Amino acid sequence: MAKKKTLKNNDIDEKKRLELYNSQYLIRVAEQRAYDLFLENLVKGTSHLSLGQEAIAAGFATAMQENDKSFCTYRGHAHTLARGASVVGVLGELMQRDCGLMRGKGGSMHLTDTSKGVMGSYAIIGAHLPMAVGSAWRAQYMGHDDVATVFFGDGTTNIGAFHEALNYAVVYKLPVIFVCENNNYMEYTPIESITAVKNPAADRASAYGLDSIIIDGNDADEVYRTAQVAYSKARSGDGPSLIECKTYRQSGHSRADPGAYRPDGELDHWKKNNDPITRYRSRLIEFGVKQKTIDGIEASVKKLVDEATEEAKNSPVPPEEILTTNVYANGGWAWRN
Amino acid sequence: MAQLTYREAVAAGIAQEMERDETVAFIGEDVARAGGVFKATVGLFDKFGPKRVIDTPISEQAILGAAMGAAMTGMRPIAEIMFSDFLAVCWDFVANEMSKSRYMSDGQLKCPLVVRTGNGGGSRFGAQHSQSIENWAMAIPGIKVVAPSTPADVKGLLAASVRDEDPVIFFEHKSLYAIKGEVPEGEHVDTLGTAKVVRPGKDATIVALALMVPRAVQAADKLMTDHGIDVEVVDIRTLVPLDMKTISNSVIKTGRLFTVEENPRLCGWGAEIVSIVVDELFWDLDGPAVRITTPHIPLPAADNLEDITIPSVDRIYSKILEVLR
Ligand SMILES: Cc1ncc(C[n+]2csc(CCOP(=O)(O)OP(=O)(O)O)c2C)c(N)n1
Ligand SMILES: [Mg+2]
């Protein structure tokens, strides 16, 4: 693409932009599919979707290098897919099939694909922040150049582990990036009603000597640029960053949540005026990307997700003999002789 | 053989492993420059420096979380939680995280780390600094649980724990830090999951752990001297994996089982052992299996009260005599 100097946002080339769009669109379609499969009773248990929050996962993952590590919450499908985990593996795990990333032993809340740097998804609020700090400690200790990124919600800023992790990371100047996805809600409770400060993450940054960084989490370019700055800071030994991304969750908190607590019109407003995918699509067109190219991306994503869905549907459930495997490092579960 | 105290054996074990393996590092509160509140890690900072022996903030969750994150990405950290009571503050990492990540990820994640902690009573520290919580840990699938009673076992089992691929909770008994014992010279590595007969006997079996081991041995000696009752004492050493073979062989030989437990009564580790023995060796028993435990109360601070709370040599002696008579 010939760079049009008249447009702002021209530092990201077309290839990257298409990558960012592809990633966001894949998450959108896969999450929508997860929801549909839930309605068909093919996704069991619980699941927490990132519909509306795609730009954060796409922006960060696109800025990462291959050996970087991601630590996610139970709302982790997006980040797992964004790192390139197989769609069959993700949908299969949600459908509790043998083809799942963890063969049905983890489920939706614990997606893990270490081959892609996804070091697990954690469902006890706050726990994975110190783990990301530990991964960063190892990188610093062993002289590796990878950075750990930990994604968490606004509600998570009110648990102790958040504060312990930030202090610890700053004290030892560790290469870790704390990404708060502020989607306005801690489950069903508006975050401002239960938090002492207006910006749950950014307003706490100064307590740890960090810059207060607030960005539009529904703008993949802004996320990507901010991430790049944070990664280069971390990689040059200048320590952690805390980034608060303003966003909005378009689905319920978890699959069972109809979202009745939302004020009238709020959801519509975000969907109509501040949907990351719609916004990014318009920007691509503004930049002169051909409609045909965008259609091509969307068609190939849909095809990928359709095929993955079929494959997962046809995959057997996990065999019963794996019930007692991988409890201990010897592969088994024996606790006595 | 060298004579070392239990606390010196801790430092010796850590030093041995840090010398052998660059990926072993040690973190905790006041563990480096000050050498630990129990002086169990004196000398490590001078020897290995601030990169590998690290004073941390009072952040138990960050300590265990950092150890986990480092372990899952290639290190073999040792983390100290000063008093085992404080594990309650970061129990999430033990009960939900390090114990489950391997299983939940179907083997993708590993967690080779050691959590060392000062456990047990006898120091008049009261209810929040004296507990024996090894039975909490034993209740969680996915971790290993070690509690040595001698300096040699401290060094050998600590080395084995560091080399183990699974997360290990390593309970050091605070009232044993001062005891002295022979420790093999040179590299010493023991085996997890092995109990030891520390006093052979034929009339009854006592199964004991940590501080209860020397007390059980003393009680057994006294029973022999006073009454000619010959009691075998088995030091369990590691609760998980549990060496039931050694325990069962002893019970088959003696026909009687006593457990001596410092943990409070309910769901103490002895309950599990008794239930296994009743299940599998019922017809080998010549009488009831009896548990001698701390009563189900918080630990008091006053010395006279604490002394009648934790099983003593006298209590073990009298109970066994009463039951066997
Ligand atoms: C320690 C702990 N407390 C409570 C919960 C239950 N819980 C699950 S998600 C959630 C809300 C978290 O909100 P936030 O951090 O904003 O993340 P979001 O779900 O919005 O992505 C709560 C309270 C939990 N999983 N862990
Ligand atoms: Mg939230």
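A polar contact is a pair of N or O atoms within 3.5 Å. A:Glu187 makes one with ligand 1: a polar side-chain atom of A:Glu187 lies 3.1 Å from a nitrogen atom of the ligand. This is a predicted model.

**Ligand 1**

- Ligand 1 is surrounded by 15 residues. The closest are A:Tyr74, A:Arg75, A:Gly155, A:Thr156 and A:Asn183.
- The backbone of chain A also takes part. A polar backbone atom of A:Ile125 is 3.1 Å from a nitrogen atom of ligand 1.
- An oxygen atom of ligand 1 is 3.1 Å from a polar backbone atom of A:Tyr185.
- On its own, ligand 1 has 580 Å² of accessible area, and the protein covers 75% of that.

**Nonpolar cores**

- In soluble globular proteins, nonpolar side chains tend to be buried together.
- The largest nonpolar core here has 145 residues. The members that touch the most other members are A:Val176, A:Phe178, B:Leu64, B:Leu87, B:Met98 and B:Ile206.
- Helix α3 of chain B (residues 60–72) gives this core its largest share, nine residues.
- What does B:Met98 contact, leaving aside neighbours within four places in sequence? Its partners are B:Leu64, B:Met68, B:Phe93, B:Cys111, B:Leu113, B:Val115, B:Gly142, B:Ile143, B:Pro167 and B:Ile169.

**Domains of chain B**

- Chain B is divided into domain 1, residues 2–183, and domain 2, residues 196–324.
- The centres of domain 1 and domain 2 of chain B, taken over C-alpha atoms, are 26 Å apart.
- Contact between these domains of chain B involves 25 residues of domain 1 and 29 residues of domain 2.

**Helix α4 of chain A**

- Helix α4 of chain A spans residues 87–94 and is mostly covered, with eight of its eight residues buried.
- Those buried residues are A:Val87, A:Val88, A:Gly89, A:Val90, A:Leu91, A:Gly92, A:Glu93 and A:Leu94.
- The cover over them includes α1 (14–39), α3 (77–82) and α11 (291–314) of chain A.
- A:Gln96 follows α4(A) and has a positive phi, near 60 degrees.

- B:Glu232 sits in strand β11 of chain B, residues 231–235.
- Is B:Glu232 buried or exposed? B:Glu232 counts as buried because its relative accessible area is 2%, and the cut-off for buried is under 20%.
- A polar atom of the B:Glu232 side chain lies 3.0 Å from the backbone nitrogen of B:Gly201.
- Not counting residues up to four places away in sequence, B:Glu232 touches residues including B:Val197, B:Arg199, B:Pro200, B:Ile206, B:Ser250 and B:Lys253.
- B:Lys100 is in the loop between α4 (91–98) and α5 (101–104) of chain B.
- B:Lys100 counts as partly exposed because its relative accessibility is 29%.
- Beyond residues up to four places away in sequence, B:Lys100 touches B:Ala95 and B:Ile140.
- B:Lys100 and B:Pro57 are 43 residues apart along the chain, and their C-alpha atoms are separated by 26 Å.

**Backbone details in loops**

- The peptide bond from B:Val240 to B:Pro241 is cis, with omega near -5 degrees. B:Pro241 is in the loop between β12 (238–240) and α9 (244–254) of chain B.
- A:Lys173 is a residue other than glycine with a positive phi, near 55 degrees. Its place is in the loop between α6 (160–171) and β4 (176–182) of chain A.
- A:Lys173 counts as partly exposed, because its relative accessibility is 46%.
- B:Cys267 is not a glycine, yet has a positive phi of about 60 degrees. B:Cys267 is found in the loop between β13 (257–264) and α10 (269–281) of chain B.
- B:Cys267 has a relative accessible area of 66%, so B:Cys267 is exposed.

How values were computed: Residues are numbered from 1 along each chain as its sequence is written. Chains are lettered from A and ligands numbered from 1 in the order in which they are written. This is a predicted model: local features need pLDDT of at least 70, side-chain atom pairs count only at pLDDT 80 or more; totals for chains, interfaces and linings use all residues. Side-chain values use heavy atoms; hydrogens and water are left out. A nonpolar core is a set of buried Ala, Val, Leu, Ile, Met, Phe, Trp, Tyr and Cys residues joined through side-chain atoms within 4.5 Å. Buried means under 20% relative accessible area, exposed over 50%, partly exposed in between (1.4 Å probe, protein chains only). Helices (H or I, at least four residues) and strands (E, at least two) are DSSP runs, numbered from the N terminus. Contact means heavy atoms within 4.5 Å. A residue is near a molecule or strand if one of its heavy atoms lies within 4 Å of it. A polar contact is a pair of N or O atoms within 3.5 Å; within protein, one must be able to donate a hydrogen and the other to accept it, and residues adjacent in sequence count only if both atoms are side-chain atoms. Accessible areas come from the Shrake-Rupley method with a 1.4 Å probe; for residues, only the protein chains shown count as cover. Domain bounds come from an automatic or database domain assignment.
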